[in-house]
Amino acid sequence: MVKLALFVRLEAKPGKEKEVENFLLSGLPLVQAEPATTAWFGIRLGPSTFGIFDAFPDEAGRQAHLSGKVAAALMEKAGDLFATPPSIEKVDVLAVKLPG
């Protein structure tokens with residue numbers, strides 16, 4: 001069951017919007033290899049505002065994701081792609097509907 005999540009807000013530098021979009025698309029294969037990442041979404045909130053929402057069954061899964069390849073790539077690219085540092089919020093999931 002999904003109990004915890006992360007919401008990451010990303011603001012692209014001017015002219016870097018397509019690169020941020022491509023970065024999010026490239027993250028999908030990495031999180032598919034994370035067994036405790038129950039759900040992962042790369043999202044666009046506006047013309048230059050993007051986000052990541054991912055969900056986990058427990059704190060161990062969330063921490064494994066935070067120390068995984070997507071998080072490392074995010075921090076590595078942050079200075080080049082984002083106007084401000086990524087805002088990473090730990091959130092509790094109150095209700096969920098997932099397939100299966």
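**Exercise 1. Pairing within the sheet**

How many bridges join strand 2 to strand 3, and in which sense do the two strands run?

*Solution.* This is a predicted model, in which local features need pLDDT of at least 70 and side-chain atom pairs count only at pLDDT 80 or more, while totals for chains, interfaces and linings use all residues. Residues are numbered from 1 along each chain as its sequence is written, and side-chain values use heavy atoms, with hydrogens and water left out.

Step 1. Helices (H or I, at least four residues) and strands (E, at least two) are DSSP runs, numbered from the N terminus. Two strands pair if DSSP finds at least two bridges between them.

Step 2. Strand 2 and strand 3 are joined by 6 bridges and run antiparallel. G42 has I52 as its bridge partner in strand 3, and A39 has A55.

**Exercise 2. The whole sheet and the chain order**

*Solution.* Step 1. The protein contains 3 helices and 4 strands. Along the sequence they follow the pattern β-α-β-β-α-α-β.

Step 1. The 4 strands make an open sheet in the order 2-3-1-4, with antiparallel pairing. Strand 2 (39-44) and strand 4 (87-92) are the edge strands, each pairing on one side only. On average, neighbouring strands of this sheet are turned by 15° against each other, direction ignored; axes are lines fitted to C-alpha atoms, for helices over the stretch in contact, and angles run from 0 to 180 degrees between N-to-C directions.

Step 2. Strand 1 pairs with strand 3 over 8 bridges in the antiparallel sense. L4 has F56 as its bridge partner in strand 3.

Step 3. Helix 1 lies across strand 1, strand 2 and strand 3, and runs at about 170° to strand 2.

**Exercise 3. Burial and the nonpolar core**

Which residues of the largest nonpolar core touch the most other members?

*Solution.* Step 1. Buried means under 20% relative accessible area, exposed over 50%, and partly exposed in between (1.4 Å probe, protein chains only). A nonpolar core is a set of buried Ala, Val, Leu, Ile, Met, Phe, Trp, Tyr and Cys residues joined through side-chain atoms within 4.5 Å.

Step 1. The largest core has 15 residues, of which L10, V20, L24, F50, I52, L74 and F82 touch the most other members. Two or more residues each come from strand 1 (4-11), helix 1 (17-32), strand 3 (49-56) and helix 3 (69-81).

Step 2. Strand 3 is largely enclosed by the rest of the structure, because 7 of its 8 residues are buried.

Step 3. L74 is found in helix 3 and is buried, with a relative accessible area of 4%. Contact means heavy atoms within 4.5 Å. Leaving aside neighbours within four places in sequence, L74 is in contact with V8, L10, F23, F82 and P86. The C-alpha atoms of L74 and P86 are 8.3 Å apart, with 12 residues of separation in sequence.

Step 4. With residues up to four places away in sequence not counted, F82 touches L10, E11, A12, K13, V20, L74 and K77.

**Exercise 4. Overall dimensions**

Compare the radius of gyration with the globule rule, and describe the extent of the protein.

*Solution.* Step 1. The radius of gyration is taken over C-alpha atoms, and the globule rule is 2.2 Å times the number of residues to the power 0.38. For 100 residues a compact globule would have a value near 13 Å; the protein has 13 Å, which agrees.

Step 1. The C-alpha trace spans about 40 × 25 × 20 Å along its principal axes.

Step 2. Buried residues make up 36% of the 100 residues. Of the contacts with a separation of 6 or more, 74% involve residues 24 or more positions apart.
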